[in-house]
Amino acid sequence: MEAPWGTINAQSGWSVSAQQPEEAEAEAEDFSPLLSNELHRLGSPGVSFGFSVFNLMNAIMGSGILALSYVMATTGILGFGLLLLMVALLASYSVHLLLSMCIQTAVTSYEDLGLFAFGFTGKVVVAGTIIIQNIGGFLGYTSSLSFFFMVFFALVIIIKKWSIPCPLTLNYTEQYFQNSNATDDCKPKLFHFSKESAYAIPTMAFSFLCHTSILPIYCELQSPSKQRMQNVTNTAIALSFVVYFISALFGYLTFYDKVASELLQGYSKYLPHDVVVMTVKLCILFAVLLTVPLIHFPARKALMMIFFSNFPFSWIHHSLVTLILNIIIVLLAIYVPDIRNVFGVVGASTSSCLIFIFPGLFYLKLSREDFLSWKKVGPCALLIFGILVGNFSLAFIIFNWVNK
């Protein structure tokens with residue numbers, strides 16, 4: 001049932017009636033708190049704008065950076081830049097829709113938003129999507145605490161670009177002089193699309209996913225409001241875009257068409273005993289060890305909510321769910337042959353749902369405007385885009401598997 005606007009705004013100190021102009025209502029939404037200020041009532045000052053941006057960048061930047069150089073090789077430099085910018089803008093816009101729905105419903109999590117929109121079925125679907133997404137994130141080797149390591153990794157890519165000769169193939173020194181077309185392998189492509197480009201948008205969506213962290217970060221923000229949280233989101237996504245593009249560019253300019261689907265494999269292949277490359281590997285290993293609990297927590301929470309929501313807390317249930325998740329993750333990590341398959345399938349399915357489909361769908365379901373209102377054009381377009389891109393990308397990826 002849709003919460004009354006006057007009731008929600010009464011909690012935040014606003015008195016906006018339904019008869020006021022839309023401009024006043026929009027202004028009230030922008031600067032009214034999304035949820036009740038529990039932190040401030042308890043005397044906590046909250047987290048500053050800068051640290052909130054840092055926390056959100058932690059949620060955004062992760063293992064997707066390992067595959068972006070490969071994506072650039074399959075789309076070209078300009079093609080990659082345009083697609084990455086499009087996904088970044090759509091991610092920011094979908095956060096705007098989520099924040100708008102949070103004002104209207106006063107919910108505190110993505111799952112509760114699904115519950116408010118479509119009942120228990122919606123909550124289960126969102127929870128299941130988050131479970132698969134977190135398993136995919138774990139299989140990608142790293143997550144939120146690896147922000148420092150991802151920035152360090154980007155710097156290493158830039159440095160190593162100038163230390164590896166081209167072209168990069170096995171025994172490249174001998175083959176370089178034997179291959180008359182060797183110099184052609186070292187020419188960057190501005191636009192290049194092939195069947196491997198089907199991995200592009202799913203991998204980018206996987207890389208920019210932060211929507212399940214929006215509300216927890218908001219709850220810690222100083223002077224929280226929709227506009228302030230949107231500014232945090234825009235800043236974090238913009239900075240992540242810069243790091244992603246620079247690291248992908250120099251990784252691509254190092255290996256060109258020989259870039260591996262996981263960039264570290266390329267450096268391990270041609271510089272197996274390099275100290276800097278080994279240092280990066282140790283940093284990522286350290287990040288994995290520290291972030292296992294953080295990746296486990298939301299997946300386990302979602303599973304517990306689906307299967308044991310009507311039961312009191314039990315250590316047996318808790319341990320059983322943890323063990324099952326660990327077994328699934330280890331088996332997938334052993335038997336999945338290529339990390340791009342993880343980014344492609346998870347990005348085309350769960351990431352597309354969490355970034356494109358669910359925000360647009362929830363807004364269309366919960367918004368107070370008429371269905372033909374111009375405010376619903378954007379959410380409707382986002383929903384259609386997510387469905388088309390997710391399904392087509394997944395179909396092309398499966399088609400490639402069948403052919404191979």
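View 1. Cys210 is buried, with a relative accessible area of 2%. Cys380 is partly exposed, at 28%. Buried means under 20% relative accessible area, exposed over 50%, and partly exposed in between, with a 1.4 Å probe and protein chains only. The structure holds zero disulfides; a disulfide is a pair of cysteine sulfur atoms within 2.5 Å. This is a predicted model, in which local features need pLDDT of at least 70 and side-chain atom pairs count only at pLDDT 80 or more, while totals for chains, interfaces and linings use all residues. Residues are numbered from 1 along each chain as its sequence is written, and side-chain values use heavy atoms, with hydrogens and water left out.

**View 2. The whole protein.** The protein has 17 helices and zero strands. Helices (H or I, at least four residues) and strands (E, at least two) are DSSP runs, numbered from the N terminus. Of its 404 residues, 51% count as buried. The protein exposes about 18900 Å², and carbon and sulfur atoms supply 69% of that area. Accessible areas come from the Shrake-Rupley method with a 1.4 Å probe; for residues, only the protein chains shown count as cover.

View 3. Helix H10 spans residues 200-208. Nine of its nine residues are buried, so H10 is largely enclosed by the rest of the structure. Among them are Pro202, Met204, Phe206 and Phe208. Phe206 and Val342 are 136 residues apart in sequence, yet 9.7 Å apart in space, C-alpha to C-alpha. Val342 is found in helix H16 (residues 339-366) and is buried, at 9%.

**View 4. Ser240 in helix H12.** Ser240 is found in helix H12 (residues 226-255). Is Ser240 buried or exposed? Ser240 is buried, with a relative accessible area of 0%. Leaving aside neighbours within four places in sequence, Ser240 is in contact with Met57, Ile60, Met61 and Phe208. Contact means heavy atoms within 4.5 Å.

**View 5. Three salt bridges.** The structure holds three salt bridges. In each, a side-chain nitrogen of Lys or Arg lies within 4 Å of a carboxyl oxygen of Asp or Glu. Glu196 and Arg340 meet at 2.5 Å, N to O. This pair links distant parts of the chain: Glu196 is in the loop between H9 and H10, and Arg340 is in helix H16, 144 residues apart. Both Glu196 and Arg340 are buried. Asp257 and Lys189 meet at 3.5 Å, N to O. Asp257 is in the loop between H12 and helix H13 (263-270), and Lys189 is in the loop between helix H9 (172-178) and H10. Asp112 and Lys123 meet at 3.4 Å, N to O. Asp112 is partly exposed, at 23%, and Lys123 is buried, at 16%.

**View 6. Aromatic pairs.** The structure holds twelve aromatic pairs. Phe308 and Phe311 have ring centres 6.3 Å apart and planes at 70 degrees, so the pair is edge-to-face. Rings of Phe, Tyr and Trp (its six-membered ring) pair if their centres lie within 6.5 Å; planes under 30 degrees apart count as stacked, over 60 as edge-to-face and the rest as tilted. Phe311 is exposed, at 52% relative accessibility. Elsewhere, ring pairs link Tyr110, Phe118, Phe358 and Phe362 into a cluster.
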